[in-house]
Amino acid sequence: MLAICGAVARRDRLKRTHQTMDASAALRPVTKYVGEVDDPDDVTEAIANALRAAVTEPRGAAAVILPMDVAAAPTGARIQGPMPVPSLGPAPRDRIRRAVELIRDAERPVVLAGLRSAGPDACAALRELLAGTDLPVVETFQAAGVVSRKLEDHDATVVADVGSNYIYTARHFRSYEPGHLLFSNGQQTLGVALPWAMAAALLRPATQVVSISGDGGFLFTAQELETATRLGLRLTHVILRDDTYDMVAFQEKLKYGRTSGIRLGDYDVVQYAGAFGARGIRVSTMEEFEAELRNALSRETLTMPGVTVIDVRVDYSHNAGLFAHLHDGVLT
């Protein structure tokens with residue numbers, strides 16, 4: 001991702017105006033590259049450098065900061081062509097032979113697939129390796145989907161929000177294509193599911209896109225239903241509702257012996273979704289949920305625009321028991 005960020009004019013940089021901040025300092029810890037342009041003729045080079053950094057392994061976000069007066073100034077500089085990403089090349093042959101020997105001699109070899117294995121070339125190579133060796137694989141969140149399996153609907157995208165729903169999606173949901181099971185990787189970014197699903201619906205039209213959140217996390221970005229319906233996107237959002245910020249609640253209970261400030265009102269999802277042009281449904285049985293989810297994801301409707309929000313009541317009372325299997329100090 002490349003972010004083009006605005007800033008006050010250079011002459012106002014040190015003044016205490018309402019939009020003055022050190023954007024470079026704020027973005028540098030969370031990007032691969034950040035550059036603030038001081039001359040209009042340097043804009044093209046800064047953008048080219050940012051793009052190159054963003055797509056070089058490990059891929060990530062880059063930012064270019066344009067002060068207002070720089071963005072408004074004319075320039076004759078142009079980007080002549082795309083900046084090539086240098087190839088890292090294969091490992092030395094003797095190292096490859098040594099790796100083969102180690103794998104063959106190992107009693108219990110295991111492949112640990114991480115972020116870089118989810119790239120197109122790396123994924124193809126890993127699948128070829130697995131097809132010829134039958135090695136067991138452990139995937140991180142970022143590599144979910146590198147182990148393929150032919151399914152009737154293995155093109156679906158599932159997005160998990162932060163909350164107790166996150167625990168169960170991570171434990172039980174399987175994916176067979178990279179980038180089709182999305183998590184925030186422990187960043188505690190409540191509300192990411194719906195906007196991520198919107199991005200997936202834009203990128204992968206006419207495929208199944210499902211986002212999952214709790215009733216608390218949903219309200220962090222619920223207003224984006226207006227954007228989704230205005231853009232004519234097709235996606236299904238499932239709210240697992242317990243009228244509580246449950247992930248906070250059970251951790252408070254385990255750590256302090258009590259809860260505080262975790263109750264959430266039982267808002268009307270049907271009316272809320274309808275106000276933005278989406279279809280809101282509240283179900284009360286598993287049979288109703290299965291029927292509504294199948295209807296929302298049916299192949300006959302995938303080419304039609306529409307957003308469906310399904311509200312499902314859940315019982316998280318046994319969540320605290322899951323933490324009995326974790327190591328000491330995880331809640332400190």
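This is a predicted model: local features need pLDDT of at least 70, side-chain atom pairs count only at pLDDT 80 or more; totals for chains, interfaces and linings use all residues.
Residues are numbered from 1 along each chain as its sequence is written, and side-chain values use heavy atoms, with hydrogens and water left out.

Strands (E, at least two residues) and helices (H or I, at least four) are DSSP runs, numbered from the N terminus. Two strands pair if DSSP finds at least two bridges between them.

Back to our pair. E6, residues 157–160, runs parallel to E8, residues 209–214, and four bridges join them. E6 is also joined to E7, residues 181–182, by two bridges, again in parallel. There, Val-158 stands opposite Leu-181. To get from E6 to E7, the chain passes through helix H6, residues 164–172, in a right-handed β-α-β crossover. Right-handed means that, with the strands pointing away from you, the path from the first strand over the helix to the second runs clockwise.

Which way do the E6 side chains point? Thr-157 and Val-159 point one way, Val-158 and Ala-160 the other, and all are buried. Buried means under 20% relative accessible area, exposed over 50%, and partly exposed in between, using a 1.4 Å probe and protein chains only.

Let's zoom out to the sheet. Six strands form an open sheet with parallel pairing, in the order E7-E6-E8-E9-E11-E10. E7 and E10 (279–283) are at the edges with a single partner strand each, so one side of each has no neighbour in the sheet.

Just after H10 comes Gly-257, with a positive phi of about 80 degrees.

Finally, the whole chain. How many helices and strands are there? The chain has 13 helices and eleven strands. Of its 332 residues, 37% are buried. Count contacts (heavy atoms within 4.5 Å), and 75% of those with a separation of 6 or more are between residues 24 or more positions apart. Along the principal axes, the C-alpha atoms fill a box of roughly 65 × 65 × 50 Å.
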